[in-house]
Amino acid sequence: MIQDILIPFLLVGLAELGDKTQLAVLVLSTKTTKYVSLLAGVMLAFVLTDGLAIFLGNFIANRIPMEYVRIGAGILFIIFGLTTLLNRAEDDDGGHYELKSPFMSGFGLILVSEMGDKTQLAAALFATQYDPLLVFIGVVFALLILSSMAIYVGKILMERINKRTISTAAGILFIVIGASFFL
């Protein structure tokens, strides 16, 4: 029984460490002070995408062409990147750029980018070998810990690095991640 939680927790946690979705969470956390709202949106997206993968298995993958999901995710990342770069003029040390809705920003970006991701597919695979509810608990707990860490690192970065520099790096990173969906 413990392996049904522990194996998905460890393997999904390791696979997600440094993944594009965690980088996106980190970058979003540099654009808000509403960290709990951001974490709630991110986790709701993870619960929906990974929960559906676990409980419905490959049903979703067979109904929605992954090519469309990949294109949508790439476009969304590029839009976030361009928006970040365009708004960086507001990010001098005297100004403060705040996401209008950290919850919706985190939710939307993670929802689209996590569809068809390796960790979502791994979660679905684990559900075929272990108790799906316990797999869900292990996967969500791993994603909660990693997302919380990414938000905390983003908060620390905002306290120590010039906001305009972070915005420039974030915008470029979002665009690069978005472009990677088309490769």
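User: Which helix gives the largest share of the nonpolar patch?

Analyst: That's H1, with 5 residues. Keep in mind this is a predicted model, where local features need pLDDT of at least 70, side-chain atom pairs count only at pLDDT 80 or more, and totals for chains, interfaces and linings use all residues. Residues are numbered from 1 along each chain as its sequence is written, and side-chain values use heavy atoms, leaving out hydrogens and water.

User: What makes a group of residues a patch?

Analyst: Like charges are joined within 9 Å, and nonpolar side chains (Val, Leu, Ile, Met, Phe, Trp, Tyr) within 5 Å. Here the nonpolar one covers about 940 Å², and its members include Ile 2, Leu 6, Phe 141 and Met 149. Areas come from the Shrake-Rupley method with a 1.4 Å probe, and for residues only the protein chains shown count as cover.

User: Why is Phe 141 called partly exposed?

Analyst: Its relative accessible area is 45%. Buried means under 20%, exposed over 50%, and partly exposed is in between (1.4 Å probe, protein chains only), so Phe 141 is partly exposed.

User: Where does Phe 141 lie?

Analyst: In helix H8. Helices are DSSP runs (H or I, at least four residues), numbered from the N terminus, while strands are E runs of at least two. H8 (132-160) and H1 (2-16) each supply at least two patch residues.

User: How many helices and strands does the protein have?

Analyst: 9 helices and 0 strands.

Note on methods
Patch = residues over 30% accessible without salt bridge, like charges linked within 9 Å, V, L, I, M, F, W, Y side chains within 5 Å. Salt bridge = Lys/Arg side-chain N within 4 Å of Asp/Glu carboxyl O.
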